Amino acid sequence: MNIRTFFTGAVTAASLLASSSYAEELSVATFVPPQHATNTILFDWFGKELDARSGGSLTMKLYPAGQLGAGPVQQYKRAVEGVADITFGLQAYTPALFPKTMLIIPPGKASNSQEGTERLLSVFDEHLADEYGDVKMLGVFTVAGAAWAANKDISTMEGLNGAKMVPYAAMTSPIIEAMGATPVQMPVTEMYTGLSTGTIDAATVGYSNMTPPWNFWDASSHLVENVPVQFAVFFVVMNKERYMELSSEHRAIIDELAGEAFSMKGAEAFTFVEDRAFGMLDGAEQMANVTRIKVSDEERAKMDAAVSTGLDAILADYEGRGIADARAIYNAINAD
């Protein structure tokens, strides 16, 4: 795949370590808590690589849990405006800025975080790079919503009929509707209560939502697997002016780490969390009252047909908003 044209420069950082003449510290803002895997895996890796490749002259300082600005919605803006040198966020919080990137979100050929990230990178230069012109792009990656947590059996189209379901992103609401369910928009912080009280019947989840700290296994009667997989997509971006202020040696190090390496490390962080949570489910006493059920091949075929109908509605909306190549981008992301 060719992604280096956007992410990287031509200079090899390893040959320039000795010439870095002064120390720089980059501020990294994230809204998630310190123990989140993007901090303990992705940014831990990034910080160590900066330090090692620069001989200690380029480092980073992490500001987790919204220390440089509360909440996830303004993360991209904080990078553009230089509130932080580097920020981590979700495109879905500002969908008008990233409509083409968000075409990774609906179900397609990918089934997990790594596959979704690889497919996103494969089309980035040609189709998506222009959405990030205001920043220095470091990485894009995904996490999969591969299951449904529910308070009733929704493993069939009949069971889905009329169910109040939270999608992984608002843009997939037409898909939820095509399956016969009613989409309900709700932040993940409210889903536990929603499932407990019956405000919602189901939510699209990753396995990590079932386990601590989310503990959906205490609020759900069913965990439904083999469902059409939706994705969340994330960015890590750097203030462009701050990047250009760095020495050529330090910019070269950033370039070496950005792109595929950075993006796949982000996917690795989410894969680790999902694999760990998946392993916790078997034998966990909290799962004693949760029926774990797989959608049958017959019912999955019906769901996939409904996904196709909903996807047509999504792409028609894109085209109505003047994004004429939306269908081509979705097809490129999901090429065989």
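**Exercise 1.** State which helix and which strand each supply at least two residues of the lining of the second largest pocket, and characterise that lining.

*Solution.* In this predicted model, β4 (135–145) and α11 are the elements to name, each with at least two lining residues. By class, the lining divides into 6 nonpolar, 4 polar and 2 charged residues. Finally, the space in this pocket is about 210 Å³.

**Exercise 2.** Describe the largest pocket by volume, central residues and lining.

*Solution.* Begin with the volume, about 1,400 Å³. Of the 47 lining residues, H36, L90, V188, N209 and W214 are the closest to the centre. Then assign the lining to elements: among those that supply at least two residues each are α2, β3 (86–90) and α7 (188–197). The largest share, 7 residues, comes from α11. The classes are 34 nonpolar, 11 polar and 2 charged residues.

**Exercise 3.** Determine how helices α2 and α10 are oriented to each other and which residues make their contact.

*Solution.* First, take the geometry: α2 (residues 37–54) and α10 (residues 248–257) pack at about 140 degrees, with axes 10 Å apart. Angles over 145 degrees would count as roughly antiparallel; the two helices are therefore oblique to each other. The crossing is right-handed. On the α2 side the contact uses W45, F46, E49, L50, R53 and S54, and on the α10 side H250, I253, I254, E256 and L257. These residues comprise 6 nonpolar, 2 polar and 3 charged.

Key: Residues numbered from 1 in each chain as written. Predicted model: local features only at pLDDT ≥ 70, side-chain atom pairs only at ≥ 80, totals over all residues. Heavy atoms only, no water. Axes fitted to C-alpha atoms, helices over the stretch in contact; angles between N-to-C directions. Helix = DSSP H or I, 4+ residues; strand = E, 2+ residues; numbered from the N terminus. Parallel < 35°, antiparallel > 145°, perpendicular 65-115°, else oblique. Left-handed = near helix turned anticlockwise from the far one by under 90°. Contact = heavy atoms within 4.5 Å. Nonpolar A, V, L, I, M, F, W, Y, C, P; charged D, E, K, R; others polar. 1 Å grid on protein atoms, 1.4 Å probe; cavity = no way out; pocket = protein on both sides within 12 Å on 5 of 7 lines; lining within 4 Å. Points joined across faces, edges and corners; volume = space filled by probe spheres on them.
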